[in-house]
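Good morning, colleagues. Please look at the sequence and the model on the screen, and I shall then go through several of the features in turn.

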Amino acid sequence: MKYGFIGIGTLAEAIIDGLIGTKLSVDSVIVSPRNAQVSARLAARHGVVTIASHNQAVVDNSDMVFIAVRPQVVESVLTSLKFPKGQHVVSLVAATSTQKLRSWVGSDTILTQAIPLPFVSARQGVTAVHPPTPEVCTVFAALGSCAPIETEEE
């Protein structure tokens, strides 16, 4: 599986560190260039991590894209990108409704929201996932455990 990350901060770094070394197939991890220091640190630490020249390159070279940007910029980031049909998009963005996210990433993607904590770097902790798509739950189960959430209200 090819994983991509748009927004590279503490949470994205924790997920990437946790992913490496799991039993999951991690063919590649491509990260956005936004936080050059963290991106460079990840690329130096893990041979499968590469830094994209721009966010669209992350989308274009990933099977599953994690969105880890601040709520204040998520709309401008997502509306500037074109997501292919059937791509898994995992939003880690707080306080943003599924309806808004869907309008920004398109109806042809597989959209999931997740609420992990930095403990995933040590493959510990519980991550809430809505809707609980099998592929995303598999990732977070490998990083601790997946708590499937059926409704947005939950």
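Let me begin with a question: are Phe5 and Phe66 buried or exposed? Phe5 is buried, and Phe66 is buried as well, where buried means under 20% relative accessible area, exposed over 50%, and partly exposed in between, with a 1.4 Å probe and protein chains only.

A word on provenance. This is a predicted model, in which local features need pLDDT of at least 70 and side-chain atom pairs count only at pLDDT 80 or more, while totals for chains, interfaces and linings use all residues. Residues are numbered from 1 along each chain as its sequence is written, and side-chain values use heavy atoms, with hydrogens and water left out.

I turn to the aromatic rings. The structure holds 3 aromatic pairs. Rings of Phe, Tyr and Trp (its six-membered ring) pair if their centres lie within 6.5 Å; planes under 30 degrees apart count as stacked, over 60 as edge-to-face, and the rest as tilted. Tyr3 and Phe66 make a tilted pair, at 6.4 Å centre to centre with 35° between the planes. This pair links distant parts of the chain, since Tyr3 belongs to strand S1 (residues 2–6) and Phe66 to strand S4 (residues 64–67), 63 residues apart. Helices (H or I, at least four residues) and strands (E, at least two) are DSSP runs, numbered from the N terminus. Tyr3 is buried, as is Phe66. The pair of Phe5 and Phe66 is stacked, because the ring centres are 4.7 Å apart and the planes are at 5°. Here too distant parts of the chain are linked: Phe5 in strand S1 and Phe66 in strand S4 are 61 residues apart. Ring pairs join Tyr3, Phe5, Phe66 and Phe140 into a cluster.

Next, Thr112. Thr112 sits in strand S6 (residues 110–115). Why does Thr112 count as buried? Its relative accessible area is 1%, so Thr112 is buried. The side chains of Thr112 and Thr133 are joined by a polar contact of 3.1 Å; such a contact is a pair of N or O atoms within 3.5 Å where, within protein, one must be able to donate a hydrogen and the other to accept it, and residues adjacent in sequence count only if both atoms are side-chain atoms. Leaving aside residues up to four places away in sequence, Thr112 touches several residues, among them Val89, His130, Pro131 and Thr133, contact meaning heavy atoms within 4.5 Å.

The peptide bond from His130 to Pro131 is cis, with omega near -20°, and Pro131 lies in the loop between S7 and helix H6 (134–142).

There are also positive phi values at residues other than glycine. Ala95 has a phi of about 55° and lies in the loop between strand S5 (88–91) and helix H5 (98–105). Ala95 counts as exposed because its relative accessibility is 82%. Arg123 has a phi of about 60° and is found in the loop between S6 and S7. With a relative accessible area of 35%, Arg123 is partly exposed.

Finally, Thr10. Thr10 lies in helix H1 (residues 10–19) and is exposed, at 58% relative accessible area. Thr10 and Pro118 are 108 residues apart in sequence, with 7.1 Å between them in space, C-alpha to C-alpha. Thank you for your attention.
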